[in-house]
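Thanks, everyone, for making time.

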Amino acid sequence: MAAMDDVVFLLDVDNTLLDNDRLIADLMQHLAQEFGAARRDSYQAILEQLRTELGYVDYLGAMQRFRLADMRDTRTLLMSAFLIDYPFADLIYPGVLEAVAHLRQWGRTVILSDGDAVFQPHKIQRSGLWQMVEGRVLIYVHKEQMLDDVTRRYPARHYVMVDDKLSILSAMKKAWGAQLTTVFPRQGHYALDPKNLAAYPAADVAVENFSDLLKQDFSTLLT
């Protein structure tokens, strides 16, 4: 058991720390240029099917299935290079590094993300986010179901979860209650979807951008 902190800040990645919608848009544009709109749409359908099956977005797994549709098309072999060599650091939202440094004055910062075991950690490493939190990175299939492991690895008197999905914030609040402060940055298509906004309770704190946390004072969390 690690030493207990007063506060631990848990930070989502996609559309919270970096603009994952932009990554998807760039990928779809590249697919359309290389293979045409119909094949692009086929990849997108595979991606959504895998999301339903696995519970997270599996870009590389979708590319494998995409390739099976035409094994003679060697252009698909170059798609891995597009995904692996993508300039992920360019996706980090403005002000993220400063805002995370601001949070450190009150507690430890930890990345808590959903995703696969290859592409998601690669993206976090190549973007520089892994180094930003000094290697404190947790990646699960459904992070809201792994809170016991989170508390074992990073025990704290109080947690703050920053996530663009109200569904995640709501599930974690239900589990942790007053021990958790939820923070909702209105970034990305999930956060801006009216259906999602109507389906779940409001977060404890809502900000327009992650960088707005620079204006937040968390000194009263334990009072």
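Before I quote a surface figure, let me say that accessible areas here come from the Shrake-Rupley method with a 1.4 Å probe. Please also keep in mind that what you see is a predicted model. On that basis, the protein chain exposes about 10,800 Å², and carbon and sulfur atoms supply 52% of that area.

As for the fold, the protein chain has 11 helices and six strands. Its radius of gyration is 18 Å, close to the 17 Å that the globule rule gives for 223 residues, so the chain is as compact as a globular protein of that length. The C-alpha trace, for its part, spans about 65 × 35 × 30 Å along its principal axes. Buried residues account for 48% of the 223 residues, and, if we take contacts between residues at least 6 apart in sequence, 66% of them join residues at least 24 apart.

On charge, the chain carries 23 positive and 30 negative side chains, with the centres of the two sets lying 2 Å apart.

Is T181 buried or exposed? Its relative accessibility is 12%, and since buried means under 20%, T181 counts as buried. The side chain of T181 makes a polar contact with the side chain of H158, at 2.8 Å. Leaving aside residues up to four places away in sequence, T181 touches H158, Y159, V160, M161, K173, D204, V205 and L221.

Terms used: Residues are numbered from 1 along each chain as its sequence is written. This is a predicted model: local features need pLDDT of at least 70, side-chain atom pairs count only at pLDDT 80 or more; totals for chains, interfaces and linings use all residues. Side-chain values use heavy atoms; hydrogens and water are left out. Helices (H or I, at least four residues) and strands (E, at least two) are DSSP runs, numbered from the N terminus. The radius of gyration is taken over C-alpha atoms; the globule rule is 2.2 Å times the number of residues to the power 0.38. Buried means under 20% relative accessible area, exposed over 50%, partly exposed in between (1.4 Å probe, protein chains only). Contact means heavy atoms within 4.5 Å. Lys and Arg count as positive and Asp and Glu as negative; His and the chain ends are not counted. The place of a charge is taken as NZ of Lys, CZ of Arg, CG of Asp or CD of Glu. A polar contact is a pair of N or O atoms within 3.5 Å; within protein, one must be able to donate a hydrogen and the other to accept it, and residues adjacent in sequence count only if both atoms are side-chain atoms.
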